[in-house]
Each structure stands twice: as C-alpha cells, then as structure tokens.
Amino acid sequence: MKTILNVIWLVLSGFWLALGYVLAGIICCVLIITIPFGIASFRIAGYALWPFGRTTVERRDAGAGSMIGNVIWIIFAGWWLALGHIVTGLALCVTIIGIPFGIANFKMIPISLMPLGRDIVPTDAPFATR
C-alpha cells in the first residue's frame, strides 16, 4: 500500500516539491558556509519524493549549532518551502482522494522549517517512535 501511495504522491506533488528542495540545496551549496544547509535540503528532497513509510525524528545529539542553523534556514529558505507545502496541501485537500496527500504535505512543514537536528527513518523501525 505504501508503494501505491508513494507513486501517486510522486505524480501529484512529490516531483515538484523535491525539485524545490534540490534547487534550494544547489543554491545553498554555492557558498562553503552554507553547505550543511544544502546537504539537509538534498536529504529532504529524497523524503519529499517518497514520504509514505518514513517519518522524521529529532536527533538527541543535536545541539545549539542546529538551533542557530535552523533560525538561519527559516530566514533564507524554510519559509518559502513551507509555503509550497501549504499551497500544495490545500490544493490536494480539495478532492477526497487527495486528502491523505494533503495531510502528508502538512506533516512535512516542520521539517521544511527546521531540517537540522532531525533524521528521516522508516516508520517500521524501532527507533521511529517519538
């Protein structure tokens, strides 16, 4: 079932959202100091392509550097990526079939705002629980 949902997701919105994350990652990799943001963006692009069956969890070893990085990320890239999830989620929620995909978009808003200090894990993994 996860595969079917992921394929439909890829066609409806996953490709375009992942493209936005890849674009943000390329822009972030232009400067040496923003390469960690680019790497996080590329990681989230993979999650945006195939989100069903995976979730995000907080890393326990993330410190103050992740928090400072997240604030910088929100200012420069996070807000427009989150806006993309909101617009896409609302558009998908117009139909009954699209409601699960709209909800999946809304679940991706926190990681699009604050990607540092989070890991993407399979939902069936024992460490995937919060």
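On a 1 Å grid over the protein atoms alone, a pocket is an open set of points where a 1.4 Å probe fits, with protein on both sides within 12 Å along at least five of seven lines; lining residues have an atom within 4 Å of a point. A volume is the space filled by probe spheres set on the points, which are joined across faces, edges and corners.

This is a predicted model: local features need pLDDT of at least 70, side-chain atom pairs count only at pLDDT 80 or more, and totals for linings use all residues. Residues are numbered from 1 along each chain, and side-chain values use heavy atoms, without hydrogens and water.

**Exercise 1.** Describe the largest pocket.

Step 1. Its volume is about 240 Å³.
Step 2. It has 13 lining residues; Glu 58, Asn 70, Leu 116, Gly 117 and Arg 118 are the closest to its centre.
Step 3. Helix 3 (residues 64-92) gives the largest share of this lining, three residues. Helices are DSSP runs (H or I, at least four residues), numbered from the N terminus.
Step 4. Sort the lining of the largest pocket by class: five nonpolar, four polar and four charged. Gly counts as polar, and Asp, Glu, Lys and Arg as charged.

**Exercise 2.** Do likewise for the second largest pocket.

Step 1. It holds about 200 Å³ of space.
Step 2. Its lining includes Ala 24, Cys 28, Phe 37 and Trp 73.
Step 3. Helix 3 supplies five residues, the largest share.
Step 4. The classes are 10 nonpolar, one polar and no charged.

**Exercise 3.** Trace the contacts of Trp 73.

Step 1. Set aside neighbours within four places in sequence.

Conventions. Helices (H or I, at least four residues) and strands (E, at least two) are DSSP runs, numbered from the N terminus. Contact means heavy atoms within 4.5 Å.
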